[in-house]
Amino acid sequence: FAVYIDETKPLEPCEFGIFKFKDAKDIDDFMVYLKARIDLKIETSKSYPTMDTEPLKTAVFTEKDGYIWYAVVKGGNADIDNTLKGKFE
């Protein structure tokens with residue numbers, strides 16, 4: 001796995017992760033965890049009106065061939081998703 005979480009600007013969320021699973025039965029549980037984590041950040045953002053929620057609300061979560069990746073990157077979620085999808089075809 002690899003994860004990048006930039007917390008230097010708390011009001012501008014930026015993170016990305018890619019994970020390889022040995023056991024496919026763990027994929028669904030981990031996907032639920034990732035989505036819940038981002039949903040919690042969206043809920044928390046209500047207390048911080050200046051927080052940029054665009055990357056959270058457009059976050060992508062993809063599973064393909066035993067991999068999960070997610071992106072919470074301002075203006076880059078779809079590009080990251082499409083780039084990685086192309087690597088697994």
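**View 1. Arg37 and Glu15 make a salt bridge, with their closest N and O atoms 2.4 Å apart.** A salt bridge here is a side-chain nitrogen of Lys or Arg within 4 Å of a carboxyl oxygen of Asp or Glu. Arg37 sits in helix α1 (residues 27-45) and Glu15 in strand β2 (residues 14-20), so this pair ties together parts that are 22 residues apart in sequence. Helices (H or I, at least four residues) and strands (E, at least two) are DSSP runs, numbered from the N terminus. This is a predicted model, where local features need pLDDT of at least 70, side-chain atom pairs count only at pLDDT 80 or more, and totals for chains, interfaces and linings use all residues. Residues are numbered from 1 along each chain as its sequence is written, and side-chain values use heavy atoms, with hydrogens and water left out.

**View 2. Glu15, Arg37 and Lys41 join up in a network of salt bridges.** Lys41 meets Glu15 at 3.3 Å, N to O. That pair also links distant parts of the chain, with Lys41 in helix α1 and Glu15 in strand β2, 26 residues apart. Glu15 is buried, at 2% relative accessibility, while Arg37 is partly exposed at 21% and Lys41 is partly exposed at 25%. For these labels, buried means under 20% relative accessible area, exposed over 50%, and partly exposed in between (1.4 Å probe, protein chains only).

**View 3. Asp26 pairs up with Lys25 in another salt bridge.** Here the closest N and O atoms are 3.9 Å apart. Lys25 is exposed, at 61% relative accessibility, and Asp26 is partly exposed at 33%. Searching the whole structure turns up eight salt bridges.

**View 4. Four strands line up as an open sheet in the order β1-β2-β4-β3, with antiparallel pairing.** The edges are β1 (2-6) and β3 (60-64), each pairing on one side only. On average, neighbouring strands are turned by 10° against each other, direction ignored. Two strands count as paired if DSSP finds at least two bridges between them; β3 and β4 (residues 67-72) have five, in the antiparallel sense. Thr62 stands opposite Trp69 in β4.

**View 5. Helices α1 and α3 pack on the sheet.** Helix α1 touches β1, β2, β3 and β4, and its direction makes about 10° with that of β4. Helix α3 (residues 77-87) touches β2, β3 and β4, at about 160° to the direction of β4. Contact means heavy atoms within 4.5 Å. Axes are lines fitted to C-alpha atoms, for helices over the stretch in contact, and angles run from 0 to 180 degrees between N-to-C directions.
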